[in-house]
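Here is a short briefing on one protein chain. Look at the sequence and the fold first, then read on by topic.

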Amino acid sequence: MSAPPAERVRSRGGLVPGRAAVVAFSGGRDSLCLLDLAVAIVGADEVLAVHVHHGLRGRDADDEALRAAA
């Protein structure tokens, strides 16, 4: 059985507990998972979430941008 995703990322040094991280996210499932993982590993106070609107998914992306701003 493989280690949970947070443990795999932590063991590879990609995200270090207590060290600041910048996460670019579009609002899709994959980028929200990355954002959640970063918060779980480094802590919410150490994560700067930057929303990226790629302009590829029309109204869905517009709605996600509004939710991200909120």
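Buried means under 20% relative accessible area, exposed means over 50%, and partly exposed lies in between, with a 1.4 Å probe and protein chains only. By that scale Glu-7 is partly exposed, at a relative accessible area of 37%. The model is predicted: local features need pLDDT of at least 70, side-chain atom pairs count only at pLDDT 80 or more, and totals for chains, interfaces and linings use all residues. Residues are numbered from 1 along each chain as its sequence is written, and side-chain values use heavy atoms, with hydrogens and water left out.

**Overall layout**

- The protein chain has three helices and two strands.
- Helices (H or I, at least four residues) and strands (E, at least two) are DSSP runs, numbered from the N terminus.
- Their order from the N terminus is α-β-α-β-α.
- The C-alpha trace spans about 40 × 30 × 15 Å along its principal axes.
- Of the 70 residues of the protein chain, 23% count as buried.

**Strands and crossover**

- Strand β1 covers residues 21–25 and strand β2 residues 47–51; the two run parallel and are joined by five bridges.
- Two strands pair if DSSP finds at least two bridges between them.
- From β1 the chain crosses through helix α2 (residues 29–42) to β2, in a right-handed β-α-β crossover.
- Right-handed means that, with the strands pointing away from the viewer, the path from the first strand over the helix to the second runs clockwise.
- Ala-24 has Val-50 of β2 as its bridge partner.
- Phe-25 stands opposite His-51 in β2.
- β1 has two faces: Ala-21, Val-23 and Phe-25 are on the covered one, while Val-22 and Ala-24 are on the uncovered one.

**Nonpolar core**

- A nonpolar core is a set of buried Ala, Val, Leu, Ile, Met, Phe, Trp, Tyr and Cys residues joined through side-chain atoms within 4.5 Å.
- The largest one has 10 residues: Leu-15, Ala-21, Val-23, Phe-25, Leu-35, Leu-37, Ala-38, Ile-41, Val-42 and Val-47.
- β1 and α2 are the elements that give two or more residues to this core.
- The most come from α2, which gives five residues.

**Nonpolar surface patch**

- Val-22, Leu-48, Val-50 and Val-52 form a nonpolar patch on the surface, and their accessible area together is about 320 Å².
- Patches are made of residues with over 30% relative accessible area and no salt bridge; like charges are joined within 9 Å, and nonpolar side chains (Val, Leu, Ile, Met, Phe, Trp, Tyr) within 5 Å.
- Accessible areas come from the Shrake-Rupley method with a 1.4 Å probe, and for residues only the protein chains shown count as cover.
- At 34% relative accessibility, Val-50 counts as partly exposed.

**Salt bridges**

- A salt bridge is a side-chain nitrogen of Lys or Arg within 4 Å of a carboxyl oxygen of Asp or Glu.
- The count by this rule is two.
- Glu-7 forms one with Arg-10, and their closest N and O atoms are 2.8 Å apart.
- These two residues are three apart in helix α1 (residues 5–11), so about one helical turn separates Glu-7 and Arg-10.
- Arg-10 is partly exposed, at a relative accessible area of 31%.
- Asp-63 and Arg-59 also meet in a salt bridge, at 3.3 Å from N to O.
- They are four residues apart in helix α3 (residues 59–69), so Asp-63 and Arg-59 are also separated by about one helical turn.
- Asp-63 counts as partly exposed at 24% relative accessibility, whereas Arg-59 is exposed at 61%.

**Loop residues and distances**

- Gly-27 sits in the loop between β1 and α2.
- Gly-27 is buried, with a relative accessible area of 14%.
- Gly-27 and Ala-65 are 38 residues apart in sequence but 7.3 Å apart in space, C-alpha to C-alpha.
- Arg-19 is in the loop between α1 and β1.
- Arg-19 counts as exposed, at 54% relative accessibility.
- Arg-19 and Arg-59 are 40 residues apart in sequence and 35 Å apart in space, C-alpha to C-alpha.
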